[in-house]
2 protein chains.
Amino acid sequence: MGASDFAVRRARGRAWKVAALALMMAGAVQAATPDRDAIQAQVAQRHDASVKALQDWIALPSIAAEDLNAKQGAEYMAKLAREAGFQHVEIVETGGKPGVYATLDAGAPTTVGLYYMYDVKQFDPAEWSSPPLEARIVDKPGLGKAIVGRGAANQKGPEMAFLAALHAIRDAKQAMPVNLVLVAEGEEEIGSPNIGKLVLRPDIQAALKKSIGVFMPMGLQDADGAVTVNLGAKGVVELELVADGKAWGRGPSKDVHSSLKAMVDSPAWRLVKALDTLVSEDGNTVAIDGFPKPAPLTADERAMIAKSTAARSEARAKQVLGVPHWIDDLPWQQANERLVSQPTINIEGLVGGYTGVGGKTVLPHRAVAKIDMRLVPPITRDGAVAALKAHLAKHGYGDIAVNVSGGYDSTSTSADSRLVQAQLAVLRRDGLDPLLWPRLAGSYPGFVFTQPPLSLPAAHFGLGHGGGAHAPDEFFLIESSNPKVRGFDGSVMSFVDYLYELGRPSAETTAGQ
Amino acid sequence: MGASDFAVRRARGRAWKVAALALMMAGAVQAATPDRDAIQAQVAQRHDASVKALQDWIALPSIAAEDLNAKQGAEYMAKLAREAGFQHVEIVETGGKPGVYATLDAGAPTTVGLYYMYDVKQFDPAEWSSPPLEARIVDKPGLGKAIVGRGAANQKGPEMAFLAALHAIRDAKQAMPVNLVLVAEGEEEIGSPNIGKLVLRPDIQAALKKSIGVFMPMGLQDADGAVTVNLGAKGVVELELVADGKAWGRGPSKDVHSSLKAMVDSPAWRLVKALDTLVSEDGNTVAIDGFPKPAPLTADERAMIAKSTAARSEARAKQVLGVPHWIDDLPWQQANERLVSQPTINIEGLVGGYTGVGGKTVLPHRAVAKIDMRLVPPITRDGAVAALKAHLAKHGYGDIAVNVSGGYDSTSTSADSRLVQAQLAVLRRDGLDPLLWPRLAGSYPGFVFTQPPLSLPAAHFGLGHGGGAHAPDEFFLIESSNPKVRGFDGSVMSFVDYLYELGRPSAETTAGQ
């Protein structure tokens with residue numbers, strides 16, 4: 001898509017006419033050093049509007065697991081992209097929740113891919129100290145003022161900060177240094193079951209293929225300001241193990257009076273017995289027969305972890321998580337090595353029979369364990385599921401259903417890629433000593449970018465700090481009381497700097513993909 | 001309380017004046033053979049009113065576990081007793097949900113105790129085919145017309161039928177053949193934690209002590225019409241096993257992101273591992289160390305079970321329960337021997353972490369198993385709980401909380417007691433061949449009557465048929481399509497006959513207590 005197309009499209013929107021013309025003019029000074037102060041002034045001027053836009057976004061939760069607001073979420077995502085200057089914005093049907101595909105053609109030599117999610121995790125307002133959709137600005141002792149709401153950190157806060165960077169560059173009449181290709185999905189929190197239908201649609205795939213890599217906005221700073229650059233992420237499978245009387249051919253096909261336990265088999269006990277076989281006695285090691293062995297950490301990876309853990313406060317981490325001891329009472333560094341290198345099988349939830357207050361004397365016909373597994377190379381999603389099914393069958397639990405709801409393989413990107421090197425350059429210029437981290441223990445569907453056919457680098461980037469992802473009182477820092485930690489505007493500026501670093505003419509020659 | 005007191009009290013209620021006078025006159029013909037046809041005519045005449053009163057009662061669910069309608073339920077129970085002719089009716093504070101104590105003095109030589117519950121089990125309307133509080137009259141193929149609602153069978157239907165018997169005797173101007181002492185509790189479904197405070201209050205205990213025993217109205221007929229007379233019931237303990245990060249001193253003290261499983265211990269897995277130790281591999285035998293051994297069945301008990309199982313349809317039982325095989329593929333008779341003789345440990349419910357639709361990648365800080373145990377002699381409630389706690393401690397799970405919410409010992413009554421012999425006499429007169437059953441697998445707090453200080457016989461009685469106790473679509477038959485099975489009016493008449501049998505002058509000499 002050329003600059004003339006851009007002008008025509010933009011001119012269609014009356015409200016954006018002036019801005020579009022300004023941007024066209026700015027395009028003429030592409031090569032000039034950008035006026036960082038002017039951009040920063042625009043960031044500050046737009047601060048209230050950006051925070052308000054973030055609050056409005058948080059007030060519209062799209063939750064795929066609950067079939068909530070997918071259409072509205074995609075439309076809002078499209079609107080945000082349009083307003084931020086993407087010329088082509090399109091809602092993409094995927095068979096699941098719709099995705100959004102958008103391109104911003106700046107006529108620049110470099111193209112960068114962006115991965116967004118517009119969905120958020122479920123929440124229970126009763127567990128929150130501040131209403132999760134009101135996105136109030138709350139004092140966080142020791143941190144500053146933070147916006148508290150579902151999605152604040154994961155991922156709307158950082159994503160909004162990135163969009164604010166685009167607004168600021170345009171409002172400051174500066175040249176957009178790179179072209180952008182945005183893919184946004186609404187099913188990240190259910191394991192991205194249709195991400196391929198969005199990303200690999202031929203035209204979208206072709207647009208992404210032109211990029212030097214794909215990144216997701218994120219507040220990478222921890223509470224002390226330290227920054228970690230992740231070189232990948234674990235894979236994940238989410239599934240339900242269901243013990244059911246009908247499938248089993250034993251026990252009841254509906255809940256019956258619990259006195260019948262003396263003569264009727266129990267699917268709930270069966271689930272317990274089957275679960276028991278999946279992990280070691282301490283519940284910490286996957287004990288699934290034939291489960292692939294994880295690759296050992298490389299010396300490089302160990303060095304990264306050693307450096308990073310030395311720079312991060314163990315006491316702080318324990319306090320934030322409410323965890324008095326790591327597994328096996330491991331020291332901080334070994335606990336982190338375990339975090340990076342080991343696959344896991346976790347019980348997210350147990351649901352069977354009567355789950356309300358007090359008791360109810362039923363013998364349930366069905367019991368469910370909600371499970372997630374985190375995967376490291378060479379363990380693939382399909383390999384993990386196959387091993388689990390084979391294990392259950394071998395142990396006589398072949399009737400227990402393994403209902404996979406989502407998941408994907410792990411993802412990995414080289415530290416030498418231009419996408420990562422640009423991050424390191426920006427951070428070092430800011431006086432930060434970025435820590436490299438081999439693999440995020442959490443998961444995101446980077447595999448769709450890093451595996452063939454795209455085979456691109458994929459990463460996260462952004463300064464700023466947030467917490468409480470998937471938990472109550474999720475937050476993203478707006479005004480920081482610690483000069484080492486960026487607030488919202490500082491996060492926005494980190495994206496400005498990253499974009500210009502990615503667009504530097506010389507950058508193309510400093511490192512390959 | 002004398003007959004003159006009675007007259008004064010009754011006369012206070014204008015609406016009951018005529019009836020009261022009639023009853024006084026009827027009192028004079030105490031010894032006369034009652035006019036059964038006249039009573040039956042009154043039962044028929046009052047049918048619609050009785051069913052309406054049952055529907056109104058079902059519309060007012062008292063659920064102790066949910067702290068719902070205890071006061072209203074006790075008041076309604078008191079009103080029902082007053083309307084049925086009890087002269088002294090009193091709401092009794094117990095420290096928990098209130099009880100109701102009522103006496104009906106007929107000036108008769110024989111006094112009979114009544115045990116009622118006005119509370120019902122929890123319910124989830126989504127699981128019902130007919131709204132659980134609407135108590136609709138629904139066609140039940142093969143059975144007839146049944147009232148469907150929470151409490152219909154357990155226990156409001158049979159209890160209302162008994163009250164209807166009192167109305168009918170009075171309306172037919174017949175003498176009430178026995179004095180009645182009623183105790184009604186509102187906590188049966190949570191294990192009767194305060195039953196002693198009601199039953200053993202000195203004046204109530206003294207009133208009950210004069211009785212020949214205590215019975216609870218029940219629809220004893222199965223779907224084929226067979227009647228079983230139970231000589232006791234298992235004891236029960238309801239409790240929650242709670243694995244919690246804080247109590248454990250490991251794992252998180254709040255839900256954290258599931259990726260942390262690689263370095264953080266899991267209370268949910270801990271619960272699974274602890275549960276696993278409590279039962280045999282098939283989940284069917286209590287494997288708690290030091291758990292008392294159940295007493296073997298006596299030859300008499302085996303004979304009772306053999307006769308009863310031969311008379312009952314195994315296919316029908318399997319169909320009703322939706323159970324294709326009994327435990328260990330036992331034949332019908334052995335399955336029933338197991339039902340009577342074996343203690344159980346049952347998972348009523350599993351609740352941990354995320355229990356909603358889909359998944360949510362958390363590592364829960366807490367997981368709960370809702371457990372009920374059924375107890376047979378010589379296993380006491382306290383003995384079972386002590387063994388469970390000792391077992392958990394011995395296996396290294398001493399941090400797992402054992403939160404007992406209710407329960408009591410088993411109960412047993414001799415077949416030779418007048419309470420039971422009168423049942424057999426009534427049933428045989430009706431051409432029914434009653435089956436004796438050593439011990440109900442379900443539980444009720446009969447221990448408070450059968451153990452010292454009262455040491456009374458305690459039993460259930462009543463014709464009629466119901467089902468779905470503690471389950472969706474609970475029902476009690478109103479109009480039976482099978483001549484062998486009594487509908488509501490037939491159930492009422494079974495109580496009329498039982499009361500006259502209990503009051504027969506000669507009955508006092510036919511059997512001891």
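Modeller: The side chains of H257(A) and H470(B) are joined by a polar contact of 3.5 Å, where a polar contact is a pair of N or O atoms within 3.5 Å; within protein, one must be able to donate a hydrogen and the other to accept it, and residues adjacent in sequence count only if both atoms are side-chain atoms. This is a predicted model, in which local features need pLDDT of at least 70 and side-chain atom pairs count only at pLDDT 80 or more, while totals for chains, interfaces and linings use all residues. Side-chain values use heavy atoms, without hydrogens and water, residues are numbered from 1 along each chain as its sequence is written, and chains are lettered from A and ligands numbered from 1 in the order in which they are written.

Now back to our histidine. The side chain of H257(A) also makes a polar contact with that of S259(A), at 2.9 Å. In chain A, H257(A) sits in strand β11, residues 256-257; strands (E, at least two residues) are DSSP runs, numbered from the N terminus. With a relative accessible area of 19%, H257(A) is buried, a word that means under 20% relative accessible area (1.4 Å probe, protein chains only).

Who else is around? Setting aside neighbours within four places in sequence, H257(A) is in contact with T361(A) and L363(A), and also with R374(B), G442(B), A469(B) and H470(B). Contact here means heavy atoms within 4.5 Å.

How values were computed: Helices (H or I, at least four residues) and strands (E, at least two) are DSSP runs, numbered from the N terminus. Buried means under 20% relative accessible area, exposed over 50%, partly exposed in between (1.4 Å probe, protein chains only).
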